[in-house]
Amino acid sequence: MQTSTRDRIVVATARLLQRQGYVGTGIKQIATESQATLGSIYHFFPGGKEAVAVAAIRHGDQEFAALLKESLDSEPDPAEAVLSCTRELAAGLKESGWVDGCPVTAAALETLGAESDLQQACADALNGWERLVRDKLLGCGFPVGDARELATTVISAIEGAEVTAQVNRSEEPLLAAGRQLARLVRSYGIDPPRR
């Protein structure tokens, strides 16, 4: 199956943002990495670099949401599901040579304090991931308030652990976060549903 020029631009930009952030990614580099012309980029994204970056963040959001949902759905026990997610993230990060971390972290940090479409795309991604975790917890019988706060804690811890794993070039921060998050989820004493 052949990838469209627009899709190549979005995927290449997503990888560049993931590896070097928004500020460090130039429009010419996007053209080179996606094997597209500058004219093609501006044809598909008249808003230039920010418009391409927003599409790339949304793409990364969907990729991570799919991985997260698959991990959460893989286990009826929410504690084991969170642990499964951190294991998968750790393995993927190691396999990438420690460069393919969170698809929104770098861009999110670079857009703090700015009201922009890019910052909103980052916020939407993080909020969407929290909803996935919250929905898993609600489906397992957690009270609404606990599910909401625990979901925020899970995503926040995973995000921080992923950055720490990248910096230290070690899976252990993600694995440790997974173990501790699983312990936290279990501490609520809610029995997981049976398959």
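Predicted model: local features only at pLDDT ≥ 70, side-chain atom pairs only at ≥ 80, totals over all residues.
In soluble globular proteins, nonpolar side chains tend to be buried together. In this model, the largest nonpolar core is made up of 46 residues, and those with the most contacts inside it are Ile57, Leu68, Trp129, Val133 and Leu174. Two or more residues are given to this core by each of helix 1 (5-20), helix 4 (49-74), helix 5, helix 6 (105-110), helix 7, helix 8 (144-168) and helix 9 (172-186). When residues up to four places away in sequence are not counted, Leu68 touches Cys85, Trp129, Leu132, Val133 and Ile155. Another core lies apart from the largest one and has 11 residues, among them Val10, Leu16, Ile41 and Phe45.

Turning to the open spaces, the largest pocket has a volume of about 300 Å³. It is lined by 17 residues, of which Gln18, Leu67, Leu89, Asp100 and Gly101 are the closest to its centre. Helix 1, helix 4 and helix 5 are the elements that give two or more residues to the lining of the largest pocket, and the largest share, five residues, comes from helix 5. By class, this lining has six nonpolar, five polar and six charged residues.

The second largest pocket holds about 200 Å³ of space and is lined by 13 residues, the closest to its centre being Thr105, Ala108, Leu109, Leu126 and Glu159. The elements that contribute two or more residues here are helix 6, helix 7 and helix 8, and helix 7 gives the most, with four residues. The lining of the second largest pocket divides into eight nonpolar residues, four polar residues and one charged residue.

Side chains of opposite charge can pair when their charged atoms come close. Over the whole structure, seven salt bridges were found. One of them joins the side chains of Glu63 and Arg15, at 2.7 Å from N to O, and this pair links distant parts of the chain, since Glu63 lies in helix 4 and Arg15 in helix 1, 48 residues apart. Glu63 is partly exposed, with a relative accessible area of 34%, and Arg15 also counts as partly exposed, at 24% relative accessibility.

A salt bridge also forms between the side chains of Asp73 and Lys69, at 2.9 Å from N to O; both residues lie in helix 4, four residues apart, which is about one turn of the helix. Asp73 has 49% relative accessibility and counts as partly exposed, while Lys69 is partly exposed with a relative accessible area of 42%. Arg134 forms a further salt bridge with Asp135, with the closest N and O atoms 3.1 Å apart. In this pair, Arg134 is partly exposed, with a relative accessible area of 24%, and Asp135, at 42% relative accessibility, counts as partly exposed.

How values were computed: Residues numbered from 1 in each chain as written. Heavy atoms only, no water. Core = buried A, V, L, I, M, F, W, Y, C linked by side-chain atoms within 4.5 Å. Buried < 20%, exposed > 50% of the residue type's maximum accessible area, 1.4 Å probe, protein only. Contact = heavy atoms within 4.5 Å. 1 Å grid on protein atoms, 1.4 Å probe; cavity = no way out; pocket = protein on both sides within 12 Å on 5 of 7 lines; lining within 4 Å. Points joined across faces, edges and corners; volume = space filled by probe spheres on them. Nonpolar A, V, L, I, M, F, W, Y, C, P; charged D, E, K, R; others polar. Salt bridge = Lys/Arg side-chain N within 4 Å of Asp/Glu carboxyl O.
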